[in-house]
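I opened this model to learn how it is put together. My notes follow in the order I looked things up.

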Amino acid sequence: MKVILVSLVFICAVFSFGHLCAANTQEDEYGPLPESIRKKITGKSWKEGCPVSMDQLSYLKVKYWGFDNKPHIGELIVNKAIAEDTVKVFKELFEVKYPIQSMKLPSYYVDHPDDPTRKNNTSAFYFRKDTQSPNKNSIHSYGIAIDLNPFYNPAIVAHGKVEPEGAEKYLNRKLKHKGMIHEGDDVFMIMTKHGWAWGQYFKQGVDPMHFEKIVNRQYIIKSLEYYPNKWAIDEAL
Ligand SMILES: [Zn+2]
């Protein structure tokens, strides 16, 4: 069975069929953006001027453990360079039952702005300006960053504004709540082990919902600085 799955992934990588390929489990899949998804995101999370083309992105379906203590299937779009890694990461998050409230494509909320899960939706690719430096594209525009449970891991963005609105209470990182991420916990360990840097340690601003994959950025992103996380430095010394 393992051989078949490995072969499928290999065939998928080499020939890039127009449909999704099974990755680690039957539920976890990734592949080129289907036509229906391209239509859904056009003019919403993907627009003219986006630094990556739709062909550089992958559409993922991954299992996640819900706030309702049940398994669910979520949708994500990431850069295809990190699609397989992202599937692995979410498989591990599912195994430790890290609770995620919602995992819909951000384009969904353009049509459903009043959906109560909007402020706590876990998502990755989104072409938009950086919340810290509004003259630059956000790393999410390249599909290499993920925001996990934003409402319970709020960011302090430009001019001291809290994002998402109304989540001020959870700036207190000593609190405990479903979906909160703390240094050294399961989420932190899984993400950093796979080479994702945590936004809590960013020099500019505090962004604990945010993890970004450290890739060979000279091909994907220009002029981005990476600040190693404090935990990694402590471990190295
Ligand atoms: Zn983010």
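I find pLDDT (the predictor's confidence in each residue, from 0 to 100) under 50 over residues 217-227. For that stretch the model has twelve contacts beyond four places in sequence. I count two residues as in contact if their C-beta atoms, placed from the backbone, lie within 7 Å. Where pLDDT is low, the predicted coordinates should not be read in detail.

I noted the ground rules next. This is a predicted model, so I take local features only at pLDDT of at least 70 and side-chain atom pairs only at pLDDT 80 or more, while totals for chains, interfaces and linings use all residues. Residues are numbered from 1 along each chain as its sequence is written.

**Whole chain**

I looked up the mean pLDDT of the protein chain, which is 84, with 79% of its residues at 70 or more. Residues 1-19 have pLDDT below 50, and this stretch has eleven contacts in the model beyond near neighbours in sequence.

I see seven helices and ten strands in the protein chain. These are DSSP runs numbered from the N terminus: helices (H or I) have at least four residues, strands (E) at least two. Of the 237 residues, 37% are buried. My cut-offs for burial are these: a residue is buried if 20 or more other C-beta atoms lie within 10 Å of its own, exposed if 12 or fewer, and partly exposed in between, with C-beta atoms placed from the backbone. Among contacts between residues at least 6 apart in sequence, 60% join residues at least 24 apart.

**The core**

Which residues have the most contacts inside the largest nonpolar core? I find Leu60, Ile77, Val78 and Phe211, in a core of 49 residues. The elements giving two or more residues to this core are strands E3 (57-66), E4 (71-79), E6 (145-147) and E9 (196-198), with helices H3 (83-95) and H5. A nonpolar core here is a set of buried Ala, Val, Leu, Ile, Met, Phe, Trp, Tyr and Cys residues joined through C-beta atoms within 7 Å.

I followed Phe211. Not counting residues up to four places away in sequence, Phe211 touches Ala145, Ile146, Leu148, Met191, Trp196, Ala197, Trp198 and Gly199.

**The sheet**

I traced an open sheet of three strands, in the order E6-E10-E9, with antiparallel pairing. E6 and E9 stand at the edges with a single partner strand each, so one side of each is left without a neighbour in the sheet. The twist averages 25 degrees from one strand to the next. Strands count as paired if DSSP finds at least two bridges between them. E6 and E10 have three bridges, and three also join E9 to E10. Ile146 stands opposite Phe211, while Ala197 has Glu212 as its bridge partner.

**Helix H5**

H5 lies across E9 and E10, running at about 135 degrees to E9. I take axes as lines fitted to C-alpha atoms, for helices over the stretch in contact, with angles from 0 to 180 degrees between N-to-C directions. H5 spans residues 186-193, and Val187, Ile190, Met191 and Thr192 in H5 are buried. Gly195 follows H5 with a positive phi, near 85 degrees.

**Loops**

I checked Pro164, in the loop between strand E8 (162-163) and H5. The peptide bond from Glu163 to Pro164 is cis, with omega near -5 degrees.

I then looked for positive phi outside glycine. Asn69 has a phi of about 65 degrees, in the loop between E3 and E4. Asn69 is exposed, with 9 other C-beta atoms within 10 Å. Lys97 has a phi near 55 degrees, in the loop between H3 and strand E5 (99-100). Lys97 counts as exposed, with 12 C-beta neighbours inside 10 Å.

Is Tyr142 buried or exposed? Tyr142 sits in the loop between helix H4 (107-111) and E6. Tyr142 has 26 C-beta neighbours inside 10 Å, so I log it as buried. From Tyr142 to Ala124 I read 18 residues in sequence and 9.2 Å in space, C-alpha to C-alpha.
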